[in-house]
Amino acid sequence: SVEDALGEDFFSGLIDEIADEVEASSRQEDAPPSSKQSSSSSEQTDFAMLTVPVLKDMLRDKGLKVGGKKSELIERLQQS
């Protein structure tokens, strides 16, 4: 089967990413414009307090890879 060939991790990771994007887009529609994430002082941000969709948006803004676990996203942001 396709799952055997690609591995279960591929599909669960894909599902997680889709869920994160759906959650992020629904949050942005509900949020007032002033509360959207647009901080330029990312060094002062406590990344652990942020949600995965917010971290991914920050990575996208910097042109960095958005896949991976939350700890990997935080590490990528700290290194940028």
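**View 1. Buried residues of helix α3.** Helix α3 spans residues 52-61, and its buried residues are P53, L55, K56, M58 and L59. Buried means under 20% relative accessible area, exposed over 50%, and partly exposed in between, for a 1.4 Å probe and protein chains only. Helices (H or I, at least four residues) and strands (E, at least two) are DSSP runs, numbered from the N terminus. The model is predicted: local features need pLDDT of at least 70, side-chain atom pairs count only at pLDDT 80 or more, and totals for chains, interfaces and linings use all residues. Residues are numbered from 1 along each chain as its sequence is written, and side-chain values use heavy atoms, with hydrogens and water left out. After α3 comes G63, which has a positive phi near 75 degrees.

**View 2. The largest nonpolar core.** Nine residues form this core: F47, L50, L55, M58, L59, V66, L73, I74 and L77. Helices α3 and α4 (70-79) each supply at least two residues of the core. A nonpolar core is a set of buried Ala, Val, Leu, Ile, Met, Phe, Trp, Tyr and Cys residues joined through side-chain atoms within 4.5 Å. In soluble globular proteins, nonpolar side chains tend to be buried together.

**View 3. K56 in helix α3.** K56 belongs to helix α3. With a relative accessible area of 4%, K56 counts as buried. Not counting residues up to four places away in sequence, K56 touches E17, D20, V66 and L73; contact means heavy atoms within 4.5 Å.

**View 4. R76 and L64.** R76 sits in helix α4, and L64 in the loop between α3 and α4. R76 is buried but has no salt bridge, and the nearest side chain of opposite charge, E72, is 4.7 Å away. Lys and Arg count as positive and Asp and Glu as negative, while His and the chain ends are not counted. The R76 side chain reaches the backbone oxygen of K65 at 2.6 Å. L64 is partly exposed, at 30% relative accessibility. L64 and R76 are twelve residues apart along the chain, with 7.9 Å between their C-alpha atoms. Leaving aside neighbours within four places in sequence, L64 is in contact with L59, R76 and S80.

**View 5. The salt bridge of R60 and D57.** The structure holds one salt bridge, in which the side chains of R60 and D57 meet at 3.0 Å, N to O. A salt bridge is a side-chain nitrogen of Lys or Arg within 4 Å of a carboxyl oxygen of Asp or Glu. Because R60 and D57 are three residues apart in helix α3, about one helical turn separates them. R60 is partly exposed at 38% relative accessibility, and D57 is partly exposed with a relative accessible area of 24%.

Notes:
Polar contact = N/O pair within 3.5 Å; in protein donor to acceptor, adjacent residues only side chain to side chain.
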